[in-house]
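Look at the sequence and the model first, then read the notes by topic.

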Amino acid sequence: MGRYLVPYAMDPQGLELFRPYRRLLFVSDGTNYPLPAGRDRPQPTVADMVGHAYPDKRIVRTDFLTRAEAVDAALKPANVTFKRVDNGRFPLPFRDSSRDFIGMGRGLCLCEVDAYPKALPSKDRSCGGIVMAEDTATRFVGEVARILDTSKPGSLALLHGLQDVRLAPFWGKVTRRVMSEHPVEIKVLMVKLDTPIDTPAHTYEDVMIGLQLRPR
Ligand SMILES: C[S@@+](CC[C@H](N)C(=O)[O-])C[C@H]1O[C@@H](n2cnc3c(N)ncnc32)[C@H](O)[C@@H]1O
């Protein structure tokens, strides 16, 4: 699992992960808001970094905030397109089997939700806007399975975030349902963090979770 999380930790070595893919989709690939203290402008997103590293790839990055689009022009690679997409509105606006890589870094996080402005998720949502109810999460992960090009054995989708280990049975149910409806194999990967992180309202963020979808 560690290897798959590297790109989302912004380690340039991790960009190797993306080398095999041609049409990539990065969901909820916004810049951090509010910006970290001391930074007054957006940083390149994972999609931007992949676009710079691999100018021949076709890349789409999404977010539900239009301001996520307003990155410094110098950071914007020509092969990366921004599309405004709300992860909670189905169907997601992408064709069946149209991407051989789909990634969502830190979109399943249940951390710091209280720190976001009102327009952003409430406590029953991850910070990528995924409602933590079985039907909605199944629909979202099912959409990722639909968009993934399952005709190519190497295709890969990774949905990642910080969560509570007690959600493992929830994701077990969700992924079993998606696997029964789509030709994908889904692994729920979890890495226990050393220290649970306290937020003002919760102390429940203690695993890194990665849902890994591959063609079956
Ligand atoms: C913690 S940030 C992660 C950003 C980026 N993926 C990364 O790893 O740096 C969560 C992102 O999800 C976006 N988001 C929140 N609700 C969303 C929704 N309903 N649909 C799409 N994106 C959403 C936020 O605007 C934000 O950019």
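Helices (H or I, at least four residues) and strands (E, at least two) are DSSP runs, numbered from the N terminus. His 160, for example, has its place in strand S5 (residues 156–163). This is a predicted model: local features need pLDDT of at least 70, side-chain atom pairs count only at pLDDT 80 or more, and totals for chains, interfaces and linings use all residues. Residues are numbered from 1 along each chain as its sequence is written.

**Confidence**

- pLDDT is the predictor's confidence in each residue, from 0 to 100.
- The chain averages 81, and 73% of the residues score at least 70.
- Residues 1–7 stay under 50 in pLDDT, yet the model gives this stretch 17 contacts beyond four places in sequence. Two residues are in contact if their C-beta atoms, placed from the backbone, lie within 7 Å.
- Over residues 114–122 the pLDDT is also below 50. That stretch has ten contacts in the model beyond near neighbours in sequence.

**Overall fold**

- The chain has four helices and seven strands.
- Along the sequence their pattern is α-β-α-β-β-β-α-β-α-β-β.
- Of the 216 residues, 39% count as buried. A residue is buried if 20 or more other C-beta atoms lie within 10 Å of its own, exposed if 12 or fewer, and partly exposed in between; C-beta atoms are placed from the backbone.
- Among contacts with a separation of 6 or more, 66% come from residues 24 or more positions apart.

**Ligand shell**

- The ligand is surrounded by 22 residues. The closest are Ser 28, Gly 30, Phe 64, Gly 105 and Gly 129.
- A residue is near a molecule or strand if its C-beta atom, placed from the backbone, lies within 6 Å of it.
- The shell divides into ten nonpolar, eight polar and four charged residues. Here Ala, Val, Leu, Ile, Met, Phe, Trp, Tyr, Cys and Pro count as nonpolar, Asp, Glu, Lys and Arg as charged, and the others, Gly among them, as polar.

**Strand pairing**

- Two strands pair if DSSP finds at least two bridges between them.
- Strand S1 (residues 23–26) runs parallel to strand S2 (residues 58–63), with four bridges joining them. Leu 24 stands opposite Ile 59 in S2.
- S1 also runs parallel to S4, through three bridges. Leu 25 has Ile 102 in S4 as its bridge partner.

- Helix H2 (residues 46–53) is mostly covered, with six of its eight residues buried. They are Val 46, Ala 47, Asp 48, Met 49, Val 50 and Gly 51.
- The cover over the buried residues of H2 includes S1, S2, S3 and S4.
- Helix H3 (residues 134–147) has 14 residues and should span 20 Å at 1.5 Å a residue. Its end C-alpha atoms are 20 Å apart, which agrees. The expected span is 1.5 Å times one less than the number of residues.
- Buried residues in H3 include Ala 137, Arg 139, Phe 140, Val 141 and Ile 147.

**Loops and backbone geometry**

- A cis peptide bond joins Phe 90 and Pro 91, with omega about -5 degrees. Pro 91 is found in the loop between strand S3 (80–84) and S4.
- Ser 97 is found in the loop between S3 and S4. Its phi is near 55 degrees, a positive value in a residue other than glycine. Ser 97 counts as partly exposed because it has 15 C-beta neighbours inside 10 Å.
- Arg 106 is found in the loop between S4 and H3. Its phi is near 55 degrees, again positive in a residue other than glycine. Arg 106 is buried because 21 other C-beta atoms lie within 10 Å.

- Val 131 is found in the loop between strand S4 (101–104) and H3. It is partly exposed, with 17 other C-beta atoms within 10 Å.
- Val 131 and Asn 87 are 44 residues apart in sequence, but 9.2 Å apart in space, C-alpha to C-alpha.
- Leaving aside neighbours within four places in sequence, Val 131 is in contact with Gly 88, Asp 124, Arg 125, Thr 136 and Ala 137.
- His 160 is buried, with 24 other C-beta atoms within 10 Å. The C-alpha atoms of His 160 and Gly 210 are separated by 4.5 Å, although the two are 50 residues apart along the chain.
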